[in-house]
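Have the sequence and the 3D view open as you read.

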Amino acid sequence: MANVVVVGAQWGDEGKGKIVDWLSEQADIVVRFQGGHNAGHTLVINGETYKLALLPSGVLRPSKLAVIGNGVVFDPQAFLDEIARLKAQGVAISPENLRVAENVTLILPLHRDLDAIRESSNAIAIGTTRRGIGPAYEDKVGRRAIRLMDLADLGTLRHKIDRLLSHHNALRRGLNLEEVDGGGILKELTALAPKLLPYAETVWRLLDQKRREGKRILFEGAQGALLDVDHGTYPYVTSSNTVAAQAATGTGMGPSAVGYVLGICKAYTTRVGLGPFPTEQDNEIGRRIGERGREFGTNTGRPRRCGWFDAVLVRQTVRTSGINGLALTKLDILDGFDSIEVCTGYTLDGKDIDHLPAGEGAQARIKPVYETIEGWKQPTANARSWADLPAQAIKYVRRVEELVGCPIALLSTSPEREDTILVQNPFEA
């Protein structure tokens, strides 16, 4: 399998950035295939911290080609700002090593406005980042979106803006917001066009060509499978498909391009925002995990809800994403616990069940069934081989494998790039 897809196996924030960066050393191309700048990745390389949102992790390696696929929603200003921040940290970025799908959907200020007003309403708030991601996807599906390629044809752009505003200004009138002037959007996009168009690419053709040349492609997912708009904890989900199959649709490569699927999950569970969380520990244990794991959103700074590892959920995402192997991260955060709980099943209205039900009401009523595992006192932080791990930590990892029905391919023991234990190389599986 020449290509690898990396997806989150929980609710996001699993440490995908570090794993993608670690794998990108062996890849030729790193591709983002869904989401937007709501997906924060933190990487620590030689003591330097890099925070990414929209750009693929491959941009930090100068010899790699980084690509933003058509499945992403693209905020032009966020894109330019992120490039500027990374350049200030010494990262070389140019159209030579970064390409953007010409048919990517643009996020405009009116999308952020709509997102914010919805999140301010108690009736419809779902805990989004207020960055316009959902409203941009709505316009894409509604066939009224402005796409990157449209900036190359300014003669027809005003017509497309008017078509978009026929929808948005009607919404804004209903929300008692001032209507948007199409001339202002046209002026803004006209000014952005020469800065953005040098990055534009027919991505499906580029990737097909590279694949035929035998290049290794690493597909980088954002968020996590439990936030998938179809398979996640709906409606408390993101607005795109986050499972591995989206790697094909979000790049135009087709399903045959998807090779080994690597799922990333923490040794415990976290979630940002609203929605069900069966193993949440809203107590001293949760606070201890959160403080030790520095569980705050990369982009938003919001504290993450923390709880014990939920094997039911990960087992489910292993199936829905076709995961071949798991990368288990943040094992070191559990160092020092006398005992550790792992959720092995649920009860719903007094009956045992082995999966997360799709209904919102049923999700709110499920109760976790726990298995207690002995903890370990010796540190696992910075371990780079199985020999560096305490015996009880190894037993924990092996039990996780058994419960989720999937082997551990990688083990991460700190944010540093090199603090990784390799069990199975996804590019050689």
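Asp21 touches Leu43, Ile45, Ser57, Arg61 and Arg417, leaving aside residues up to four places away in sequence; contact here means heavy atoms within 4.5 Å. You'll find Asp21 in helix H1 (residues 16-24). Is Asp21 buried or exposed? With 2% relative accessibility, Asp21 counts as buried (under 20% relative accessible area, with exposed being over 50% and partly exposed in between, using a 1.4 Å probe and protein chains only).

A quick word on the source: this is a predicted model, where local features need pLDDT of at least 70 and side-chain atom pairs count only at pLDDT 80 or more, while totals for chains, interfaces and linings use all residues. Residues are numbered from 1 along each chain as its sequence is written, and side-chain values use heavy atoms, with hydrogens and water left out.

Now for helix H7 (residues 203-212), whose buried residues are Val203, Leu206 and Leu207. Down the axis of H7 they fall within an arc of 90 degrees, so they line one face of the helix (the arc is taken from the directions from the helix axis to the C-beta atoms). Residues three or four places apart point the same way because an α-helix has 3.6 residues a turn. Here are the strands that the buried residues of H7 pack against:

| Strand | Residues |
|---|---|
| strand E2 | residues 29-32 |
| strand E5 | residues 65-68 |
| strand E7 | residues 98-101 |
| strand E9 | residues 200-201 |
| strand E10 | residues 217-220 |

Helices (H or I, at least four residues) and strands (E, at least two) are DSSP runs, numbered from the N terminus. Just after H7, Gly214 has a positive phi of about 85 degrees.
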